Amino acid sequence: MRYTLRQLEIFVAIARTGSVSKAAEQVALSQSAASTALAELERQFDCQLFDRHGKLLVLNALGKSLLPAASSLLTQAEEIEQLLEGKAALGNLKLGATLTIGNYLAILIVSEFMQHHTECHIDLQVKNTQSILQQIAGYELDLGLIEGSCHHPELIAEPWMDDDLAVFCAPEHELAQKKNIAIEDLTNATWILREQGSGTRETFDHAMRHHASGLKVRLELEHTEAIKRAVESGLGIGCISRLALRDAFRRGNLIEIKTPMLDLRRQFLLVWHKNRYQTPAITSFLDYCRSLTVNLKTSDKILLPPLS
């Protein structure tokens with residue numbers, strides 16, 4: 001072969017970062033060594049893999065075709081190295097979870113999975129939906145657990161479990177004791193909501209699409225716990241996953257506002273790149289996630305052991 005795995009590793013790192021200097025940091029090389037390796041790979045095959053825009057490198061058509069094959073080959077090479085070192089074949093898993101799933105499910109699921117697969121190392125990143133999808137599309141993550149929708153043509157999105165959002169307020173709020181809530185009550189209220197780009201906000205905006213122009217949004221926050229605290233302190237009403245609210249509803253810290261006029265249903269999805277090589281770690285984790293949700297109606301009914 002006229003190429004080396006090291007050259008492919010450098011190519012993939014540059015493709016992900018768009019920068020030779022950042023890629024060199026990732027692969028523990030000097031910038032000049034990384035640049036030389038890329039230049040040598042292109043020279044050997046008399047081709048160009050990137051379009052140069054100043055210091056920024058952007059994949060061209062050939063580079064985009066090479067990226068999934070190179071990423072898969074590097075993943076398989078890592079498996080071979082682990083087998084030669086006498087390690088079990090499951091290997092490593094780069095997992096992304098959106099904020100609701102990451103904060104209320106993923107840690108428990110990962111913990112339980114790793115108790116059964118002690119040799120598997122999992123790198124878990126928790127970000128909003130758009131960030132996770134971008135990283136999966138760029139081969140930075142093996143698998144994503146997301147809330148919201150996925151329309152990327154190169155990603156496979158498998159329905160995992162149903163999830164419902166709930167509108168809620170503090171016990172002292174004027175809507176807490178009101179029996180029949182009208183849409184005018186919601187448009188006149190002050191809201192504390194998730195940020196744009198999150199799956200929760202996407203579902204809420206779609207449900208309120210005919211009334212969005214009159215909505216009073218006081219705060220947009222990235223974390224559900226911050227929204228719960230803001231609502232509990234009386235700053236407004238909120239709308240997040242019922243999964244994130246089940247303990248607060250039981251304790252009475254927060255009160256659900258019944259909104260039958262709104263469709264706040266959505267699905268959690270398992271997402272991966274269609275060209276990503278399916279390692280034993282990916283397939284085992286997918287199977288485990290599926291096994292958790294057999295006959296499950298909604299996410300807030302899932303039963304997981306508490307972290308010790």
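Contact here means heavy atoms within 4.5 Å. The model shown is predicted.

**View 1. Packing of helix α5 against helix α11.** Helix α5 spans residues 99-116 and helix α11 residues 280-292. The crossing of α5 over α11 is right-handed.

**View 2. Residues in the contact of α5 with α11.** From α5, the residues taking part are Ile109, Val110, Glu112 and Phe113. They meet Ser284, Phe285, Tyr288, Cys289 and Leu292 of α11. By class, the residues of this contact comprise seven nonpolar, one polar and one charged.

**View 3. The ring pair of Phe113 and Phe285.** The count of aromatic pairs is four. For Phe113 and Phe285, the ring centres are 5.1 Å apart and the planes stand at 75°, so this pair is edge-to-face; the cut-off for that class is over 60 degrees. Phe113 belongs to helix α5 and Phe285 to helix α11, so the pair ties together parts 172 residues apart in sequence. Phe113 is buried, with a relative accessible area of 1%, and Phe285 is buried as well, at 0%.

**View 4. The ring pair of Phe113 and Tyr288.** Here the ring centres of Phe113 and Tyr288 are 5.8 Å apart with planes at 55°, so the pair is tilted. Since Phe113 lies in helix α5 and Tyr288 in helix α11, the pair ties together parts that are 175 residues apart in sequence. Both Phe113 and Tyr288 are buried.

**View 5. The aromatic cluster.** Phe113, Phe285 and Tyr288 are linked into a cluster by ring pairs.

Methods
Residues are numbered from 1 along each chain as its sequence is written. This is a predicted model: local features need pLDDT of at least 70, side-chain atom pairs count only at pLDDT 80 or more; totals for chains, interfaces and linings use all residues. Side-chain values use heavy atoms; hydrogens and water are left out. Axes are lines fitted to C-alpha atoms, for helices over the stretch in contact, and angles run from 0 to 180 degrees between N-to-C directions. Helices (H or I, at least four residues) and strands (E, at least two) are DSSP runs, numbered from the N terminus. A crossing is left-handed if the near helix is turned anticlockwise from the far one by less than a right angle, and right-handed if clockwise. Ala, Val, Leu, Ile, Met, Phe, Trp, Tyr, Cys and Pro count as nonpolar, Asp, Glu, Lys and Arg as charged, and the others, Gly among them, as polar. Rings of Phe, Tyr and Trp (its six-membered ring) pair if their centres lie within 6.5 Å; planes under 30 degrees apart count as stacked, over 60 as edge-to-face and the rest as tilted. Buried means under 20% relative accessible area, exposed over 50%, partly exposed in between (1.4 Å probe, protein chains only).
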